[in-house]
Amino acid sequence: MAQKLQTVSIKATGFSGLNTEDSPVTLDPSFAEKAENAIIDKFGRIGARKGVIPISTTGYAVFNKKPVKSLFEFINYDGIKTLVSTGNNKIVTGTFTLVDKTPVGTTITDDNWKIASLANKCFMFQRNHEPLVMTVGSGGAITIEELNGSQHSNGTAPQANEVIAAYGKLWAADVAENKRTIYWSDTLLGGHWSGGSSGSLDLTNVFPNGYDEIVALSAHNGFLVIFCRNSIIIYEGAETPNDVAFKLHDVIEGIGCIERDSVQNIGTDVLFLSNEGVRSLGRTIQEKSSPVGNISKNVRTELMQAALQSKGKVKSVYSPQDAFYLLSFPEQDILYCFDLKNPLPDGSARATTWNTITPYSFAVLSDDSLYFGIKAIVNPFSAVEHDSGIFKYGGYVDGYDLSPDGSGHFHAYHYLFKYESTAMDFGLSSNLKFLKKLEATVVGNLGAQSGLVWYWDYDRNFLNNFSYFPSESEPDSGEFNVSEYNTTAEYTTGVYIQTPSANATGNGKVLQIGIHAFVLGAPYSIQSIDTSVLLGRTK
C-alpha cells in the first residue's frame with residue numbers, strides 16, 4: 001500500500017552549530033554535522049563567515065613566506081597607533097607598509113612573542129630571549145631595544161614566555177629553567193624588576209599535587225588568575241602584592257590550561273583551552289567539576305586531536321564586535337569559531353569551523369577591527385601561492401596580494417561555505433525512504449553558485465546526487481554540473497531571498513542534506529530547508 005508523502009521542514013537550519021560528539025540519529029536537526037567557513041549570524045542562522053583582505057603590501061620582502069606569529073596594536077600617550085608584528089625572526093611595525101625594526105645586535109630565533117603595553121611603553125617577552133621594549137615619540141619615531149641594560153630598566157627582567165599588563169604592573173612567568181615562579185614589575189615601571197613594589201612568588205608549595213608549571217596568566221574581577229598545566233591558582237590583592245594584601249583566594253585541581261595563547265578575557269569571563277576542551281573560568285570556579293563549563297563539548301574529540309598536534313602553535317582571539325571566540329590550529333589548517341551571543345541550554349557554545357583561513361596570530365584593534373597574521377598560502381581555486389602578511393576580517397571575499405612591487409593590487413577570490421545536516425530517519429528508523437524533493441530558503445548573494453546535496457545511510461559519495469542552480473552570474477569555477485533554479489526575490493535592503501529546489505532521487509533509511517555555496521561579495525545564510533520523502537516498506 002502506497003504511503004503518503006511526508007514533508008519535514010528544518011527551521012533555523014544549523015542554528016545549534018556543529019555536533020560531532022553525539023549519536024547522529026538522536027540529534028536535534030538544528031545541529032549540523034558539517035559547517036565549514038561558517039558562523040552563526042546575528043539572526044541565529046548558519047551562514048558564511050566574512051572574508052579577509054590584505055592590509056600589508058610588503059610582506060614578501062619582510063616575512064619571506066614565514067608565518068606572522070604575533071600582532072599587537074600599541075597606542076602611546078599622544079594617541080599614535082603602531083601595529084607590531086613578528087615573523088621571519090624580525091620585529092616589524094606598520095600596516096600598509098611594513099618596516100623591519102629588529103634591534104641591531106639582537107639575536108632572535110623564534111617569533112612566538114607575547115606583547116603587552118604599560119605606561120607609554122610596549123614590552124615583548126619570549127622564552128630564552130632578551131625582553132624588548134618599544135617607545136614611540138610624539139612625532140612618531142619608533143625605538144625598539146633590549147630591555148635589560150636600557151635606560152628604562154632597573155634589575156633584570158626574566159626571559160619569560162608569558163607576560164600580561166594588569167593592576168599597574170607587568171606580570172611574567174614561564175621561564176625555561178623555572179616554570180613555578182611568577183614575577184612582577186614595579187608599579188607603572190614595566191622595566192623595573194628590582195626594588196619598589198616589584199617581586200616574585202614561588203608556587204611550589206601552592207600547587208595542589210606537588211609539581212605543576214605555569215602556562216598563562218590573566219586578570220579578572222580584581223583577581224590574578226594563574227593558569228598552570230594541571231590546576232588554576234587565583235590570588236586576590238594583586239593591586240598591592242605585599243605580604244598582607246596579596247593572598248591565595250582559590251585553587252582548582254585537575255583543570256588547567258595547555259596553551260598560552262588560548263586565554264581570552266571576554267569581559268564577563270575568561271576562556272581557555274584545557275586538556276578537555278575550551279572552558280569557561282567562571283563556570284569552572286562555580287562548579288569545580290570537569291564536565292561543567294566546557295563550551296566546546298559538542299566538538300571536543302576533533303578539537304583535542306588538533307590541539308595535540310599543534311602544541312605551542314595554537315592562537316585565539318575574542319572579537320566583541322562579532323561576539324565570537326576563534327581558536328586557530330594553523331598547522332592543522334582548521335579554526336574553530338565559537339559563537340558567544342546565545343549559549344546552548346547546557347552552557348556550551350555554538351561551534352562552526354573555518355578551513356581556508358587559519359591565522360598564526362590575531363589582534364583586535366582599538367576600532368574593534370579584527371586583524372589576522374597569515375603564513376604564505378596556496379589559494380585552493382587558483383593554485384597560486386600568495387605571500388605572508390597582515391589581513392583584515394571583513395567583506396565577503398578572500399583577497400590576496402598580487403603586487404610584489406608593493407603597489408597594493410590584490411585579487412578577490414570566492415570561498416566555499418558548506419553546511420550538512422545530521423542524520424535524519426524521520427522517526428521511522430526501520431522504513432525505507434524515497435527522496436522526492438528538496439527546497440531551501442536562502443538569504444544571500446544573488447551571484448552565489450550553490451548546490452543542494454544529499455546522501456543516504458552515511459555515504460558521502462554524493463557526486464551523482466546534487467543540483468546546481470546559478471543565479472544571474474557564474475563564478476569562475478565550481479563543482480556542480482546540473483542546473484535547476486526556482487525563484488529569486490530582491491528586497492529594498494539589497495538582500496536576496498532565494499528558494500532553490502531540486503527533484504531529488506535515491507532511497508535509504510537515513511538521509512543527510514546540505515548546501516554548498518561559493519561566497520563572493522555578499523552575505524550568505526540558510527533560513528530553512530524543506531524535505532519531501534515517501535515512506536516505503538520496512539527493510
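In the predicted model, Leu273 is in contact with Gly256, Cys257, Ile258, Glu259, Ser262, Val278, Leu303, Met304, Ala307, Val314 and Leu327, its neighbours within four places in sequence being left aside. Leu273 also belongs to the largest nonpolar core, which comprises 53 residues. Within this core, Leu273, Leu303, Phe329, Phe338, Phe417, Trp454 and Leu511 touch the most other members. The greatest contribution to the core comes from strand S45, which spans residues 511-519 and supplies five residues.

Phe372 lies in strand S31, formed by residues 370-374. With a relative accessible area of 0%, Phe372 falls under the 20% limit and is therefore buried. When residues up to four places away in sequence are not counted, Phe372 touches Val52, Leu71, Leu326, Trp354, Ile357, Pro359, Ser361, Phe362, Gly389, Ile390, Phe391 and Tyr393.

Four strands form an open sheet in the order S7-S8-S9-S10, with antiparallel pairing. Strand S7 (70-75) and strand S10 (99-100) are the edge strands, each pairing on one side only. S7 and strand S8 (residues 81-87) run antiparallel and are joined by six bridges. Phe74 stands opposite Thr82 of S8.

Note on methods:
Residues numbered from 1 in each chain as written. Predicted model: local features only at pLDDT ≥ 70, side-chain atom pairs only at ≥ 80, totals over all residues. Heavy atoms only, no water. Core = buried A, V, L, I, M, F, W, Y, C linked by side-chain atoms within 4.5 Å. Buried < 20%, exposed > 50% of the residue type's maximum accessible area, 1.4 Å probe, protein only. Helix = DSSP H or I, 4+ residues; strand = E, 2+ residues; numbered from the N terminus. Contact = heavy atoms within 4.5 Å. Pairing = 2+ DSSP bridges.
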